[in-house]
Amino acid sequence: MAAFPRWSGLVDVIEHNDIVPAVNQIETHPYFQRRADQDLMTERGVQIESWGPFAEGRNNLFTDAVLSEIGAGHGKSVAQVVLRWLIQRNVVVIPKSVRSDRMAQNFDVFDFSLTDDEMPRIAEMDTGASLFFDHRDPAMVSTLSNVRTHD
Ligand SMILES: NC(=O)c1ccc[n+]([C@@H]2O[C@H](COP(=O)([O-])OP(=O)(O)OC[C@H]3O[C@@H](n4cnc5c(N)ncnc54)[C@H](OP(=O)(O)O)[C@@H]3O)[C@@H](O)[C@H]2O)c1
């Protein structure tokens, strides 16, 4: 059976509205890489953007052995490797930091490239599952549906 994208609801949104979303921000990081979702967005003309590019540090991302080794080879941090990997996958990334040194570090990712050997090593880290919650969980759908952002 074909592997369906995790968020086929995008098709529902597109088919039932006049305007196709320009960008769709979804959880995307080394442990949940969203390739099928990205393929669907590309096919439908929607740009994928990473939510939580560092997985908020979960799974000890910032000390991950594979990412650390790849970074050491380029003189870059794990954070920089992750950002570079997302950019090379054509995933828009807007990392958040409250520290100016990290902000500078996060911009400094355009003077190196991950190799054709390194990209598949990171691809192998994909668990195919969220580190946060599942949008197919009825209780979560109900919770999100009832969030009020304004009166
Ligand atoms: N659309 C939405 O509903 C939504 C919701 C949440 C977040 N977002 C967006 O998603 C982006 C980030 O999300 P997020 O903050 O939840 O998760 P994240 O990017 O996965 O993780 C951010 C964490 O990484 C740390 N960090 C940043 N740069 C680092 C570096 N170079 N080295 C080590 N640690 C670093 C930050 O700590 P410090 O700040 O202490 O450096 C922060 O704790 C933001 O652009 C945000 O606006 C969108």
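How many helices and strands does the protein have? There are 7 helices and 2 strands, where helices are DSSP runs of H or I with at least four residues, strands are runs of E with at least two, and both are numbered from the N terminus. The C-alpha trace spans about 45 × 40 × 25 Å along its principal axes.

Before going further, please keep in mind that this is a predicted model, in which local features need pLDDT of at least 70 and side-chain atom pairs count only at pLDDT 80 or more, while totals for chains, interfaces and linings use all residues. Residues are numbered from 1 along each chain as its sequence is written, and side-chain values use heavy atoms, with hydrogens and water left out.

Now let us turn to the ligand. Around the ligand are 16 residues, of which Gln25, Glu56, Ile94, Ser97 and Arg102 come nearest; a residue is near if one of its heavy atoms lies within 4 Å. By class, this shell has 8 nonpolar, 5 polar and 3 charged residues. Helix α5 (residues 100-107) supplies the largest share of the shell, 3 residues.

An N or O atom in the side chain of glutamine 25 is 2.6 Å from a nitrogen atom of the ligand. Arginine 102 has a polar side-chain atom 2.8 Å from a ligand oxygen atom, and asparagine 106 has one 2.9 Å from a ligand nitrogen atom. Taken alone, the ligand exposes 910 Å², and the protein buries 67% of that (Shrake-Rupley method, 1.4 Å probe).

Finally, look at the aromatic rings. The count comes to 2 aromatic pairs, with ring centres within 6.5 Å. Tryptophan 51 and phenylalanine 132 form an edge-to-face pair, 4.7 Å centre to centre with 65° between the planes; edge-to-face requires over 60 degrees. This pair links strand β2 (residues 47-51) to the loop between α6 (118-123) and α7 (138-145), its partners being 81 residues apart.

How values were computed. Polar contact = N/O pair within 3.5 Å; in protein donor to acceptor, adjacent residues only side chain to side chain. Nonpolar A, V, L, I, M, F, W, Y, C, P; charged D, E, K, R; others polar. Phe/Tyr/Trp six-rings, centres within 6.5 Å; stacked < 30°, edge-to-face > 60°.
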